[in-house]
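Have the structure open and follow along.

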Amino acid sequence: MTIIRKASAFEILNHWVLAASFFILAISGFGFLFHLEQLNAVFGSFNVMKDVHNYAGLVFTASLILTIFHYLPVSLKFGADDIAWFLKGGGYLSKKAKVPPQDELNAGQKLYYIVILLSGLAIAASGFAIWLRPQVPDIRKLVVLSHLVHNIAFDLMIIAVPLHIYLATLANPGTLRIMITGTVPLEWAKKRHAKWVQRIGY
């Protein structure tokens, strides 16, 4: 069985740093937003929880920005096959559906990345505004707007991330392997990323 590399060691590391920092942010954010005493006991105090949240935000933001260099150029390349992929529901709505050949990322993964990138940048920008409170004439309005943006963007991510986990595990066996070993069987890749396989010379 021929094995090919789908992700570099850096991509794998950055993926898990992004994931870990997101979950730390989600847990700590819920903790001090809803004043959960159980989490207060875990972190030691609400002040510590808030500090962990803020600095995890720095890690999350840096990790998210690093994804741009590889994933954004790929995700912005939408063509006829990507539109057809959506029209076929990615093959998830019917086992008989024949989806068009996909590139390094399929159309759904491209859309998912764009949603995560935009939501993540919105969370980061609004979070830093809440944390650092820049000296602007109407600081109250800025903080209220930042809280609103922060919460809406988080709502999008809290829906998107579990969906991503499901699609990368139960719905598509073999996909999780990419972010563990960085490799996939050639035949697996040909079925799901035929354009990419052809482009890299297999």
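## Where helix α5 begins and ends

At the start of α5 in this predicted model, Asn106 points a side-chain oxygen to within 3.0 Å of the backbone nitrogen of Gly108. At the other end, α5 is followed by Arg133. The phi of Arg133 is positive, near 45°.

How far apart are the end C-alpha atoms of α5? They sit 37 Å apart. The helix covers residues 107-132, and at 1.5 Å a residue its 26 residues should span 38 Å, so the two values agree.

## Leu111, a residue on α5

Leu111 belongs to helix α5.

Setting aside neighbours within four places in sequence, Leu111 is in contact with Phe78 and Phe86. Then there's Leu76, 35 residues away along the chain: its C-alpha atom and that of Leu111 are separated by 8.8 Å.

## The second largest pocket

Helix α5 also turns up in the lining of the second largest pocket, where α1 (9-33), α3 (46-75), α5 and α6 (139-167) each give two or more residues. This pocket has a volume of about 680 Å³. Its lining is made up of 27 residues, and the closest to the pocket centre are Gly29, Phe32, His53, Ile130 and His150.

What classes of residue make up that lining? There are 15 nonpolar, nine polar and three charged residues.

Notes: Residues are numbered from 1 along each chain as its sequence is written. This is a predicted model: local features need pLDDT of at least 70, side-chain atom pairs count only at pLDDT 80 or more; totals for chains, interfaces and linings use all residues. Side-chain values use heavy atoms; hydrogens and water are left out. Helices (H or I, at least four residues) and strands (E, at least two) are DSSP runs, numbered from the N terminus. The expected span of a helix is 1.5 Å times one less than its number of residues. A polar contact is a pair of N or O atoms within 3.5 Å; within protein, one must be able to donate a hydrogen and the other to accept it, and residues adjacent in sequence count only if both atoms are side-chain atoms. On a 1 Å grid over the protein atoms alone, a cavity is a set of points where a 1.4 Å probe fits but cannot get out, and a pocket is an open set with protein on both sides within 12 Å along at least five of seven lines; lining residues have an atom within 4 Å of a point. Grid points are joined across faces, edges and corners, and a volume is the space filled by probe spheres set on the points. Ala, Val, Leu, Ile, Met, Phe, Trp, Tyr, Cys and Pro count as nonpolar, Asp, Glu, Lys and Arg as charged, and the others, Gly among them, as polar. Contact means heavy atoms within 4.5 Å.
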